[in-house]
Amino acid sequence: MESFNRIKDYLLHRLPDKERAQFEAEVRANEALARELELQRFEMETIDQIEADQLREKAAELRQQRQQRLEQNTQGSRSGSMVRMYRIIAAAAVVLLAIGFFFGNKKACIAKSPFLSTRRLE
Amino acid sequence: MNPTYTDQQIITAIQNGAVTRDKVFAYLYDNEGLRNKAFAKITKMIADQEKAEDIFADSLIALVKSVRYNKYKGDSSLSTYFVGICQLQCIRYLQQEQRSKKRERVLNEVLIHRVEEECRIEASFFLDNQRRYEARLTRRVYRKLSDTCRQYFRQKYWQGKKIREMADENEVKSQSVKNTLSRCYKKLREIIVNDPEAMEQIKLNYGKL
């Protein structure tokens, strides 16, 4: 168990420099320890791989959620711009109607007014 | 409103495998500032948007792993360090794509050196050590483990849970957790030892420190 924890601390870079150097010297001199270290490293990488794959799934999920949010925002801004466009068209129509009404009325006034109509004739 | 985390809080959550770790991961993934900074570098090197997204996610996973392995020393801010990882992941990808081009290799070397300097990062952890054992091999091994073993390993080593907490979560007795963990360890070792390719790779690495 002591060896297990020491190897684990070594692999996780938790050993102080002096102890780390001492451990490495032992590994060089002891083939059984070298084997145990490598087996434990492989085990640790296997457990890391389980976690990495879980995180990858989580990232894919987050990516999908993000994509959906972006699409909703784009749709929102699209419908927002449509509303803006309709408002502009409606405002332009009102202005045109007002202008038409104003000029229509003016012509009618000129035609009705004897003073303005005679002046024009002259 | 989404919570915000300081660099120290992020590191603590990852190292201690706190409950907040998944939240921290989601926070980092969606953090606009971090994304902008990272993608500014990634898209300079990788044109494909899909691939760029993959590299961003892989870089986050590599960040989590490097913090867990005490590789982040705090010599630069976490975001700068992360951008460095993104660049190294891009280089790794490009190296795989352009193995034969010598000129690319030279350019990559220059870039790696610059990233190491600027981001205070140990490039070898992300480029070489990570590939000591191929993911294909470790994946093959863990897929032979039962779901319970995988779950217990994650709870113990990545979520940092104590035996009692694991017992509560899995609604079993503490002794049962101990026994299961011990059995799972034996099983894991057995699978590795009985996998000729894995053992061949392990033997090649004897004494490589």
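**View 1. A salt bridge joins the side chains of A:Arg56 and B:Asp58.** In this predicted model, the nitrogen-to-oxygen distance of the pair is 3.2 Å. That distance falls within the 4 Å limit, so the pair counts as a salt bridge. Across the interface of chain B and chain A, 12 salt bridges are found. Polar contacts between chain B and chain A link 18 residue pairs.

**View 2. Several helices of chain B supply the side that touches chain A.** At least two residues each come from α2 (21-30), α3 (32-45), α4 (49-68), α8 (135-142), α9, α11 (174-193) and α12 (196-204). Helix α4(B) gives the largest share, nine residues. Sorted by class, this side of chain B holds 25 nonpolar, six polar and 18 charged residues.

**View 3. Chain B and chain A bury about 4300 Å² between them.** Carbon and sulfur atoms give 60% of that area. In chain B, the residues that lose the most area to chain A are B:Tyr69, B:Arg189 and B:Leu209, together 16% of what that side buries. The contact takes in 49 residues of chain B and 40 residues of chain A.

**View 4. Helix α9 of chain B covers residues 147-158.** With 12 residues at 1.5 Å a residue, the helix should span 16 Å, and its end C-alpha atoms are 16 Å apart, which agrees. Buried residues in α9(B) are B:Cys149, B:Tyr152, B:Phe153, B:Arg154, B:Gln155, B:Tyr157 and B:Trp158. After the helix comes B:Gly160, with a positive phi near 60 degrees.

Conventions: Residues numbered from 1 in each chain as written. Chains lettered and ligands numbered in written order. Predicted model: local features only at pLDDT ≥ 70, side-chain atom pairs only at ≥ 80, totals over all residues. Heavy atoms only, no water. Helix = DSSP H or I, 4+ residues; strand = E, 2+ residues; numbered from the N terminus. Expected span 1.5 Å × (residues − 1). Buried < 20%, exposed > 50% of the residue type's maximum accessible area, 1.4 Å probe, protein only. Contact = heavy atoms within 4.5 Å. Buried area = accessible area lost by both parts, 1.4 Å probe. Polar contact = N/O pair within 3.5 Å; in protein donor to acceptor, adjacent residues only side chain to side chain. Nonpolar A, V, L, I, M, F, W, Y, C, P; charged D, E, K, R; others polar.
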